[in-house]
Amino acid sequence: MPEQTNPLADLNDIILPTEFETALPALGWWLLAGFMIVLLLLALFIAWRYWRLSQPRREAMAQLKQAELSFAELNLLLKRLALSYYPRQQVASLSGEAWLAFLDSKVKVPSGSFLELSAQWQHCLYAATPSSDSLACRDMAEQWIKRCRAPLTLATLFSLKGRNAIDNSARGEQHV
């Protein structure tokens, strides 16, 4: 039988490099890092725009909490908030039942609908002194303001103009 030798005995020791190599990562890692940075910037921009689009709602809530508004002022506050999010042609001419139906169609309030409280709403709007019905109507209005959000479209998210400027430019009007 031939004598068996250990095959590992002929191997040399590992030669360690004298200096640490500082090679750059492969091109794919650079592309991935660039893509991740672009995605992060895009997410930050969209978050900033969403925050800017919700500014009218935050201002309306602050005004609602700041002072005790009359019912006519509360209705005006709802109208101004709706005008800041929806086109003027859709909102400005609404009143009465049509206005309450618009409020119901845009935001679902869990405690009911504005049309269900139509009689109380009209009574509170024109009454000289607040009645017991006004509390339910005020709660509905406060919930509507809390739940109201700007309609998110690519035009509203990526435009640096205001909402009304977007509507005017779509019709070919100049915003002055």
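Predicted model: local features only at pLDDT ≥ 70, side-chain atom pairs only at ≥ 80, totals over all residues.
Colleague: What share of the contacts with a separation of 6 or more comes from residues 24 or more positions apart?
Modeller: Of the 176 residues of the protein, 30% count as buried. Among the contacts with a separation of 6 or more, the share that joins residues 24 or more positions apart is 61%.

Colleague: Are helix 1 and helix 2 oblique or roughly parallel to each other?
Modeller: The axes of helix 1 (residues 27-53) and helix 2 (residues 55-66) come within 4 Å and cross at roughly 40°. Angles under 35 degrees would count as roughly parallel, and the two helices are therefore classed as oblique.

Colleague: Which residues of helix 2 are met by helix 1, and how do the residues of the contact divide?
Modeller: On the side of helix 1, the contact is made by Trp51, Arg52 and Leu53, and these meet Gln55, Pro56 and Arg58 in helix 2. The residues of this contact divide into 3 nonpolar, 1 polar and 2 charged.

Colleague: With which residues is tryptophan 99 in contact, leaving aside its neighbours within four places in sequence?
Modeller: Leaving aside its neighbours within four places in sequence, tryptophan 99 is in contact with Asn75, Leu78, Lys79, Ala82, Val91 and Leu94.

Colleague: Is asparagine 75 buried or exposed, and what is its relative accessible area?
Modeller: Asparagine 75 has its place in helix 3 (residues 71-85), and, leaving aside its neighbours within four places in sequence, asparagine 75 is in contact with Trp99, Trp121 and Leu125. Since buried means under 20% relative accessible area, asparagine 75 counts as buried, with a value of 16%.

Colleague: Which exposed residues are carried by the face of helix 6 turned away from its buried side?
Modeller: In helix 6 (residues 118-126), the buried residues are Ser118, Trp121, Cys124 and Leu125. Seen down the axis of helix 6, these buried residues fall within an arc of 130°, so they line one face of the helix. The face turned away from that buried side carries the exposed residues Ala119 and Tyr126.

Colleague: Which residues is aspartate 104 in contact with, leaving aside its neighbours within four places in sequence?
Modeller: Aspartate 104 lies in helix 5, and at 13% relative accessibility aspartate 104 counts as buried. Leaving aside its neighbours within four places in sequence, aspartate 104 is in contact with Ser113, Phe114 and Leu115.

Colleague: What separates the C-alpha atoms of valine 107 and lysine 146?
Modeller: Valine 107 has its place in the loop between helix 5 and helix 6, and at 6% relative accessibility valine 107 counts as buried. Leaving aside its neighbours within four places in sequence, valine 107 is in contact with Trp144, Arg147 and Cys148. Valine 107 and lysine 146 are 39 residues apart along the chain, and their C-alpha atoms are separated by 9.7 Å.

Notes: Residues numbered from 1 in each chain as written. Heavy atoms only, no water. Buried < 20%, exposed > 50% of the residue type's maximum accessible area, 1.4 Å probe, protein only. Arc of directions from axis to C-beta. Axes fitted to C-alpha atoms, helices over the stretch in contact; angles between N-to-C directions. Parallel < 35°, antiparallel > 145°, perpendicular 65-115°, else oblique. Contact = heavy atoms within 4.5 Å. Nonpolar A, V, L, I, M, F, W, Y, C, P; charged D, E, K, R; others polar.
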